[in-house]
Amino acid sequence: MRSIGELARESGLGVSALRFYDGAGVFVPARVDPRTGYRWYAPEQLAGARLLARLRRVGMPLAGIAQVLDGDPASARAAIDRHLRQLEDGLADARRELSTVRDLIDLREHPMTAPTRLTVPAPALAAALDAVRFAAGSDPEHPVVRGVLFDPEPKDGLLRLVATDRYRLAVATAPATVEGPGGGVLVPTALADAARALLDGAESIELTVDGPRLTLRAGGRELAGERLDLDFPDYRRLLRVETTHRLEFAADELLAHLGSGPAAEDGTAILAADGFQVLVNREYLLQAVAAGGAEQLVLELGGPIAPLAIRFPTRADTFSLLMPVARD
């Protein structure tokens, strides 16, 4: 048997780390002296401790470590592959942020006066606005949520629209042509609503960003205002929610059930799958489902404390996320 100090030296894990993983139930000693509380580890646990040290160095979360240590080989490989994808996605996010930082530094040294112009088919932009508008917030203490982010992806020929009130997030895309330096633009919700009215009957809309000034032209009509000079929350990391369960519904049937079924006293809706329940704000769920129109939808659940994703099979780039509600 090895003491905790001996195992720490031989595995590369610190004593405090071994105590932490014992307390978390991830890597427990073979025996604990009932009188002294000393931890003792069996010889065969050295290999597991060394494996744990490697997983810790790459930042694998507790649930993944437990799956690698205690699961069958297929489950262990799945946990490793999932963590590797998360690391790669994180690296892609870091590269994107650092690229933006470089652009901002260049802009500080060499200010550009050229405007950015986005040309978007009006029906596509109208559908995207309709899909995300419900999630925009109105909290006066958090002005960043009182807008819709227009985030162009020039390489993909897309304009991504994002709205959030910190409890839910909605995303949709529309094809777009981008001219100029580009960059995300936070459009005040009042201006976004006015722009939506311009879209009916128009073929396309042109959005020009010239410093703080926004100008929208569609169908011979023009609308102008100012952008919100605020940093929108980092929404991209939320787009990769790990899901374990999928529930498919027809949107009209789910709306009818939510609208006519008995309401919980606290205004929540309960979704159940394989032994666990997810509680979400019932009104928010109604709005998210209604924003997608009367079509088939998929609810993706990752666990009782993970966001609920509402997706539409025919529109892969249109979806929303709802934060779960904790019930006392």
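**Reading a fold, one feature at a time**

Visitor: Is Phe-27 buried or exposed?

Guide: Phe-27 counts as buried, because its relative accessibility is 7%. Buried means under 20% relative accessible area, exposed over 50%, and partly exposed in between (1.4 Å probe, protein chains only). This is a predicted model, where local features need pLDDT of at least 70 and side-chain atom pairs pLDDT 80 or more, while totals for chains, interfaces and linings use all residues. Residues are numbered from 1 along each chain as its sequence is written, and side-chain values use heavy atoms, with hydrogens and water left out.

Visitor: How many aromatic pairs are there?

Guide: Rings of Phe, Tyr and Trp (its six-membered ring) pair if their centres lie within 6.5 Å; planes under 30 degrees apart are stacked, over 60 edge-to-face, and the rest tilted. By this rule there are three aromatic pairs. Phe-27 and Tyr-41 make a stacked pair, because their ring centres are 5.9 Å apart and their planes lie at 10°. The pair links distant parts of the chain, 14 residues apart: Phe-27 is in the loop between helix 2 (15-23) and strand 2 (31-32), and Tyr-41 is in strand 3 (residues 39-41). Helices (H or I, at least four residues) and strands (E, at least two) are DSSP runs, numbered from the N terminus. Tyr-41 has 0% relative accessibility, so Tyr-41 counts as buried. Phe-232 and Tyr-235 form an edge-to-face pair, with 6.4 Å centre to centre and 70° between the planes. Phe-232 is buried at a relative accessible area of 14%, and Tyr-235 is buried at 4%.

Visitor: Which strands pair with strand 7?

Guide: Two strands pair if DSSP finds at least two bridges between them. Strand 6 (residues 158-164) pairs with strand 7 in the antiparallel sense over seven bridges, and Ala-170 in strand 7 is the bridge partner of Ala-163. Three residues lie between the strands of this hairpin, where Arg-166 takes a positive phi near 80°. Strand 18 (residues 315-322) also runs antiparallel to strand 7, joined by four bridges; here Val-171 stands opposite Phe-319.

Visitor: Why is strand 7 described as largely enclosed by the rest of the structure?

Guide: Seven of the eight residues of strand 7 (residues 168-175) are buried, so the strand is largely enclosed.

Visitor: Which charged ends sit over rings?

Guide: A charge sits over a ring if NZ of Lys or CZ of Arg is within 6 Å of the ring centre and within 35 degrees of the ring normal. Here the charged end of Arg-168 sits over the ring of Tyr-284, 3.7 Å from its centre. The charged end of Arg-311 sits over the ring of Phe-319, 4.5 Å from its centre.

Visitor: What does Thr-189 touch?

Guide: Contact means heavy atoms within 4.5 Å. Leaving out residues up to four places away in sequence, Thr-189 touches Arg-133, Ala-136, Arg-146 and Gly-147. Thr-189 belongs to helix 7 (residues 189-199), and its 14% relative accessibility is why Thr-189 counts as buried.

Visitor: What lines the largest cavity?

Guide: A cavity is a set of points on a 1 Å grid, over the protein atoms alone, where a 1.4 Å probe fits but cannot get out; lining residues have an atom within 4 Å of a point. The lining of the largest cavity includes Ala-170, Phe-312 and Phe-319. Strand 18 gives the most to this lining, with three residues.

Terms used: On a 1 Å grid over the protein atoms alone, a cavity is a set of points where a 1.4 Å probe fits but cannot get out, and a pocket is an open set with protein on both sides within 12 Å along at least five of seven lines; lining residues have an atom within 4 Å of a point.
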